[in-house]
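Hi,

Here is the structure I said I would pass along. Have a look at it first, and then read on for what I found in it.

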Protein chains: 2
Amino acid sequence: MKTVLLSVIAVIILAAFQQNAPARSGRPEYTSDGHLKMPENYRQWVYLTSGFDMSYSPSMQMGHHMFDNVFVDPVSYKAFLEAGTWPDKTMLVLESRAAKDKGSINKAGNYQDTEVMGIEVHVKDSARFPGKWAFFGSDDGKTGNLFPPEAQCYKCHAEHAAVDTTFVQFYPTLLPIATGKGTLSAGYLKESAGEGKK
Amino acid sequence: MKTVLLSVIAVIILAAFQQNAPARSGRPEYTSDGHLKMPENYRQWVYLTSGFDMSYSPSMQMGHHMFDNVFVDPVSYKAFLEAGTWPDKTMLVLESRAAKDKGSINKAGNYQDTEVMGIEVHVKDSARFPGKWAFFGSDDGKTGNLFPPEAQCYKCHAEHAAVDTTFVQFYPTLLPIATGKGTLSAGYLKESAGEGKK
């Protein structure tokens with residue numbers, strides 16, 4: 001009886017541990033209550049780009065400078081090189097870091113701080129999400145909370161993103177591939193044509 | 001006789017091709033006349049950081065905004081996580097890209113342009129270089145030209161870099177590791193202490 005009890009406790013502890021364990025596979029993994037297990041090793045994935053103080057709203061003022069770094073899981077990256085678009089189970093990570101200016105021998109411009117200020121994951125999982133893709137944010141870097149379908153990010157990505165609701169127009173090594181493969185979205189092509197006429 | 005002649009021509013063409021072929025191994029490779037074969041697939045290496053308009057000289061004005069992205073070969077990255085410093089054969093790549101501002105839906109800040117404006121490689125190869133490390137620049141992205149030992153970069157890295165002549169103080173995921181492993185250079189520690197007193 002004692003052995004059975006100990007085994008049950010062990011299973012409960014193990015299950016609890018796995019619930020909170022970050023994912024290491026590079027494939028989307030979820031907790032039983034629908035949270036995304038945040039990818040632990042995304043810094044070893046493929047880097048796509050960084051932005052500096054980027055904003056889609058002209059009035060947004062942050063009061064400090066920021067970097068955004070974007071990573072994609074290596075399997076999906078290789079698939080994109082072949083197809084010019086993303087396969088199912090793609091995961092893109094947006095990591096935000098504060099920008100520092102003066103430090104060590106740096107005299108001008110900005111470099112990235114050691115502290116991560118935010119992580120968001122954009123996941124393609126067609127069987128799970130009605131719109132194929134979903135956004136997750138995380139407070140602790142372990143558990144990803146689903147952004148609800150009415151969140152502004154979904155509409156903005158659907159309308160303006162260059163490839164399959166992702167902002168490939170800002171990923172310098174992927175934009176030429178999508179252009180060559182003819183996978184740019186109608187919305188993006190229309191906006192680009194408008195820019196060319198200005 | 002004709003077969004022999006054709007074989008000789010084929011060997012010469014192949015040798016010429018290999019001379020100009022970029023390296024794919026992630027380890028330093030050189031041409032017979034001492035140039036570095038530039039790493040072709042560094043964008044699939046491990047990303048370390050990006051800088052924006054960084055300058056070590058307060059008077060430098062570029063007239064345009066720039067991003068610098070830094071990558072390291074995956075084998076050396078894993079070794080750094082263990083040891084807090086770089087193994088022999090480490091290769092760090094500095095990629096420069098122009099920054100764009102208005103484009104697509106971006107209204108503020110900057111994103112990276114598709115055109116690469118420059119690539120430099122910092123190579124640790126103790127048997128080959130008297131100072132263990134060497135810098136290479138490239139005009140065509142294929143052949144790396146050695147920076148001569150009197151170039152300013154060697155002196156600056158030797159005096160100010162946080163770990164083993166590399167600017168780990170600007171690599172946000174590696175600085176805490178080097179700090180923990182106690183591998184920060186005396187020069188950097190002295191300068192940091194000075195900053196703390198200001």
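This is a predicted model: local features need pLDDT of at least 70, side-chain atom pairs count only at pLDDT 80 or more; totals for chains, interfaces and linings use all residues.

**Fold and symmetry**

Chain A has 5 helices and 7 strands. Going along the sequence, their order in chain A is α-β-β-β-α-β-β-β-β-α-α-α. Chain A holds 198 residues, and 46% of them are buried. If you take the contacts in chain A with a separation of 6 or more, 51% are between residues 24 or more positions apart.

Chain A can be laid on chain B by a rotation of 180° with 0.0 Å of shift along the axis, and the RMSD is 0.0 Å. The two copies are therefore related as by a two-fold rotation axis. In chain A, Tyr47(A) has the C-alpha nearest that axis, at 3.1 Å. The interface fits in with this: 100% of the interface residues of chain A are interface residues in chain B too, so the copies meet through the same surface.

Nonpolar side chains tend to be buried together in soluble globular proteins. Here, the largest nonpolar core has 37 residues, and the ones touching the most other members are Leu36(A), Val121(A), Val123(A), Leu36(B), Val121(B) and Val123(B). Which elements give two or more residues to this core? From chain A they are strand S4 (91-100), strand S5 (108-124), strand S6 (133-138) and helix H3 (152-160), and from chain B they are strands S4 (91-100), S5 (108-124) and S6 (133-138).

Setting aside neighbours within four places in sequence, Val121(B) is in contact with Leu36(B), Met38(B), Pro39(B), Met91(B), Leu92(B), Val93(B), Ala134(B), Phe135(B) and Phe136(B).

The largest pocket has about 1000 Å³ of space. Its lining counts 38 residues, with Tyr56(B), Asp68(B), Leu94(B), Glu120(B) and His157(B) nearest the centre. Two or more lining residues each come from strand S2 (46-55), strand S3 (66-72), S4, S5, S6 and helix H3 (152-160) of chain B. H3(B) gives the most, with 7 residues. By class, the lining of the largest pocket has 19 nonpolar, 14 polar and 5 charged residues.

The second largest pocket has about 830 Å³ of space. There are 31 residues in its lining, and Tyr56(A), Asp68(A), Leu94(A), Glu120(A) and His157(A) lie nearest its centre. The elements of chain A that give two or more residues to this lining are strand S2 (46-55), strand S3 (66-72), S4, S5 and H3. Which element gives the largest share of the lining of the second largest pocket? That is S2(A), with 6 residues. The classes in this lining are 18 nonpolar, 10 polar and 3 charged.

Asp73(B) sits in the loop between S3 and helix H2 (74-83) of chain B. Is Asp73(B) buried or exposed? Its relative accessible area is 1%, so Asp73(B) is buried, given that the cut-off for buried is under 20%. Apart from neighbours within four places in sequence, Asp73(B) is in contact with Gly26(B), Arg27(B), Trp45(B), Lys89(B), Thr90(B) and Met91(B).

Asn41(B) is in the loop between strand S1 (36-37) and S2 of chain B. With a relative accessibility of 19%, Asn41(B) counts as buried. Asn41(B) and Ser25(B) are 16 residues apart in sequence, with their C-alpha atoms 8.7 Å apart in space.

Thr114(B) belongs to strand S5 of chain B and is partly exposed, at 38% relative accessible area. Leaving out residues up to four places away in sequence, Thr114(B) touches Pro172(A), Leu175(A) and Pro176(A), and also Arg97(B). From Thr114(B) to Ser96(B), the separation is 18 residues in sequence and 11 Å in space, C-alpha to C-alpha.

Cheers

Key:
Residues are numbered from 1 along each chain as its sequence is written. Chains are lettered from A and ligands numbered from 1 in the order in which they are written. Side-chain values use heavy atoms; hydrogens and water are left out. A nonpolar core is a set of buried Ala, Val, Leu, Ile, Met, Phe, Trp, Tyr and Cys residues joined through side-chain atoms within 4.5 Å. Buried means under 20% relative accessible area, exposed over 50%, partly exposed in between (1.4 Å probe, protein chains only). Helices (H or I, at least four residues) and strands (E, at least two) are DSSP runs, numbered from the N terminus. Contact means heavy atoms within 4.5 Å. On a 1 Å grid over the protein atoms alone, a cavity is a set of points where a 1.4 Å probe fits but cannot get out, and a pocket is an open set with protein on both sides within 12 Å along at least five of seven lines; lining residues have an atom within 4 Å of a point. Grid points are joined across faces, edges and corners, and a volume is the space filled by probe spheres set on the points. Ala, Val, Leu, Ile, Met, Phe, Trp, Tyr, Cys and Pro count as nonpolar, Asp, Glu, Lys and Arg as charged, and the others, Gly among them, as polar. Copies are superposed by least squares on the C-alpha atoms of residues with pLDDT of at least 70 in both.
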